[in-house]
Amino acid sequence: MFPLKDAELGAFTFFASALPNDVCGSNGLPLTPNSIKILGRFQILKTITHPRLCQYVDISRGKHERLVVVAEHCERSLEDLLRDRKPVRYPSYLAPEVIAQGIMKSSDHTQSEKPLPSGPKSDVWSLGIILFELCVGKKLFQSLDVAERLKLLLNLGCVDDIITVLAEEHGCLDIIKEIPENILALLRKCLTFHPSKRPTPDQLLKDSVFSEISSLYPPFRKPASLFSSTLRCADLTLPEDINQLCEDENADYLAERSIEEVYYLWCLAGGDLEKELVNKEIIRSKPPICTLPIFLLEDGESFGQGRDRSFLLDDTTVTLSLCQLRNRLKDVGGEAFYPLLEDDQSNIPHSNSNNELSAAANLPLIIRERDTEYQLNRIVLFDRLLKAYPYKKTQIWKEARIDIPPLMRGLVWAALLGVEGAIQAKYDAIDKDTPIPTDRQIEVDIPRCHQYDELLSSPEGHAKFRRVLKAWVVSHPDLVYWQGLDSLCAPFLYLNFNNEALAYACMSAFIPKYLYNFFLKDNSHVIQEYLTVFSQMIAFHDPELSNHLNEIGFIPDLYAIPWFLTMFTHVFPLHKIFHLWDTLLLGNSSFPFCIGVAILQQLRDRLLSNGFNECILLFSDLPEIDIERCVRESINLFCWTPKSATYRQYAQHPKQANEINCPRSLMSCLSSDYQDAPRSDLSRDSIKLNDLKSEVSPRISAEDLIDLCDLTGPSHFKTLTKKTKSSKPKLLIVDIRNSEDFNRGHISGSINIPFGSAFTAEGEFIQCPATATLQSFKGRVVVVVGNVAKNAALFAAHLVKIKYPRVCILDGGINKLKPTGLLTVPSPQI
């Protein structure tokens with residue numbers, strides 16, 4: 001959108017016609033209210049941008065089908081100007097095609113140009129009449145009545161030279177002969193009878209008469225998209241001294257922000273549309289008792305009930321005062337509107353925001369999102385970063401770790417997903433009209449997808465849903481449409497309602513990253529592996545809960561498939577999904593496991609006290625989940641989870657080096673994905689699904705163990721980026737081989753608890769110094785190492801049974817580490 005400049009914000013209201021309450025559609029559901037239909041169709045008006053047009057900003061729906069429209073507003077409108085002077089649509093100035101209401105002969109226009117009753121070419125004719133009057137110094141057609149004027153104008157199509165005929169009609173032929181030839185040529189161009197032969201205003205500007213001023217009026221070009229390869233700052237002009245941008249103390253920096261931003265900040269600063277309209281008496285309300293009829297018959301006929309005048313149309317536009325907003329921002333310096341973007345290599349998180357806002361940055365997210373000054377700084381910062389995308393992609397990622405301003409969320413998500421290129425051209429090239437077998441299922445699913453939201457429930461929202469989903473299905477012939485894809489599409493469509501191509505591009509980038517192969521025709525092996533890893537994550541982080549759920553037979557297959565297939569969009573409303581996905585998009589493909597465990601831990605007390613039937617009922621109507629707590633706990637769980645613990649053989653294949661956009665040194669443990677790491681001899685090996693299901697605890701790779709223990713060895717084995725010591729979880733390695741094998745070589749710092757003599761018949765530990773050490777490490781990561789995979793899995797299962805958290809198994813056992821030279825041999829006792 002364009003800057004506010006000297007314009008203002010205005011609001012006006014009207015009512016949509018109400019539908020009968022007892023009428024249903026062909027599907028048996030109540031009819032969509034007309035106000036919601038208008039709400040959906042209105043959105044396209046927000047995309048009409050031009051320097052010489054007022055910009056529509058927003059529309060909101062109130063009670064009783066009331067709609068309030070917010071738009072850029074100027075005190076002096078074109079209507080006011082025309083009321084002060086003679087209107088252009090005065091009959092003398094009407095073009096012939098306007099008089100004829102577009103009914104022209106087929107010879108009057110080309111096949112590619114349909115006749116229109118009015119348009120830019122009609123204005124060119126009107127301009128020609130005005131120029132003619134200026135040249136001859138008199139008004140045209142003053143001696144004729146309206147009917148004769150219109151008849152004369154229509155008959156001009158039968159003459160060869162309209163200029164000469166008009167001059168003869170008004171007795172000014174001598175004056176016309178004295179007019180310069182270039183002016184006469186311009187008049188003849190303007191007063192060309194047939195609109196198909198008449199030039200457009202743009203073509204008219206190229207006439208020699210305008211040669212000196214045409215350069216001052218360059219044609220308007222729509223700004224390049226943020227995600228296109230077109231240069232977005234090709235015409236950027238800056239002062240010689242950049243400090244001049246924020247030196248003027250009286251400068252109105254707010255007026256340089258977009259209209260959309262100003263309105264958003266106005267709302268945050270306490271702006272209330274309905275209150276403004278009530279104060280100006282545009283909205284009038286009566287006590288309900290005053291609306292009752294005076295007399296009512298038994299058959300329902302009423303008398304004496306006057307029509308409520310508050311429901312009549314009032315097209316008055318109320319100017320929204322920005323005084324309260326300016327007062328809130330009076331202490332914000334000019335430098336806040338022009339933040340300096342520097343590449344900073346300091347520890348994440350880091351913000352470029354003003355130091356004065358550091359206190360606000362530590363407040364809860366819901367408070368930060370309602371703080372006017374804080375949101376202004378974040379919006380300006382992200383606006384600058386996005387305009388520099390993809391060159392500032394790393395900084396976008398860093399700032400998004402702090403928070404994402406709601407106004408910029410759709411674009412920031414697209415940047416985090418790496419959307420680039422000619423997305424509109426790609427989307428337009430997809431056939432979204434030819435019927436396909438999936439159409440029927442899409443039609444069934446859309447009316448059930450987040451229909452509490454007014455925008456998505458509108459007919460326009462349904463049509464956009466249909467096109468985006470169909471585009472995805474058509475463009476991915478190796479995948480199929482599964483129920484839940486509509487829910488997955490909803491957040492992207494809501495945030496990019498007027499940009500279907502961007503919504504499609506975001507969804508197309510999201511699915512391979514987090515739901516790779518989930519939409520195969522036969523996805524059972526992918527789903528089963530995913531649920532098995534999730535079950536192991538529950539055992540890893542909360543063994544007591546895992547034991548209880550397994551005992552009552554409440555397995556993830558019964559509740560978690562909708563969670564992961566839709567990335568929780570089928571579970572939570574959109575406002576919670578926005579906050580959840582703000583963090584999810586910063587994480588890798590394993591982060592959803594931690595979200596799932598965090599949800600279970602919020603329900604932990606109820607789950608531990610319930611049986612199978614109660615748990616089924618609990619998840620059929622999921623209780624309220626604190627999403628901010630869920631996000632915090634998910635991050636904590638992720639930090640405690642070794643990278644390779646969530647390895648899946650059916651996950652996305654490792655990317656090539658040239659496909660990784662961000663250098664690994666700039667990526668934190670939250671975003672780097674074990675699936676993306678180059679494979680080595682120390683990486684995890686794939687195992688059969690049945691073997692994976694038989695193990696309660698997850699496996700970790702040898703390279704992960706080396707990294708966690710900060711062991712030193714041959715450099716070619718160090719394939720992962722090491723974490724700083726402050727972020728390393730405390731770790732204990734339990735070697736379950738017999739003492740002889742242990743003494744031949746073991747990992748430095750490990751303890752030896754032979755598997756055959758570790759537990760009693762009741763499953764309790766046999767006490768010894770090593771088991772005492774293990775008990776002292778309870779709550780830290782415990783890695784079970786052996787030379788027989790089955791024994792290691794059984795030992796880990798015993799630990800989980802006695803409620804040891806964070807237990808995992810070394811994949812490949814001790815044999816994986818023998819080639820590294822990291823095993824130590826104890827000194828012989830003398």
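1. Cysteine 489 is buried, at a relative accessible area of 1%; buried denotes under 20% relative accessible area, exposed over 50%, and partly exposed the range in between, with a 1.4 Å probe and protein chains only. Its sulfur lies 7.5 Å from the closest cysteine sulfur, that of cysteine 449, which is too far for a bond. With a disulfide defined as a pair of cysteine sulfur atoms within 2.5 Å, the count is zero. Cysteine 630 is also buried, at 0% relative accessibility.

2. On the basis of these values: the model is predicted, so local features require pLDDT of at least 70 and side-chain atom pairs pLDDT 80 or more, whereas totals for chains, interfaces and linings use all residues. Residues are numbered from 1 along each chain as its sequence is written, and side-chain values use heavy atoms, without hydrogens and water.

3. The structure contains 29 aromatic pairs, meaning rings of Phe, Tyr and Trp (its six-membered ring) with centres within 6.5 Å; planes under 30 degrees apart are stacked, over 60 edge-to-face, and the rest tilted. Phenylalanine 554 and phenylalanine 612 form an edge-to-face pair, because their ring centres are 6.2 Å apart and their planes stand at 75 degrees. The two residues are 58 residues apart, phenylalanine 554 in the loop between helix H25 (543-551) and helix H26 (561-565), phenylalanine 612 in helix H30 (residues 612-620); helices are DSSP runs of H or I with at least four residues, numbered from the N terminus.

4. Phenylalanine 554 is buried, at 2% relative accessible area, whereas phenylalanine 612 is partly exposed, at 32%. Both belong to one aromatic cluster, whose members include Phe518, Tyr530 and Trp563.
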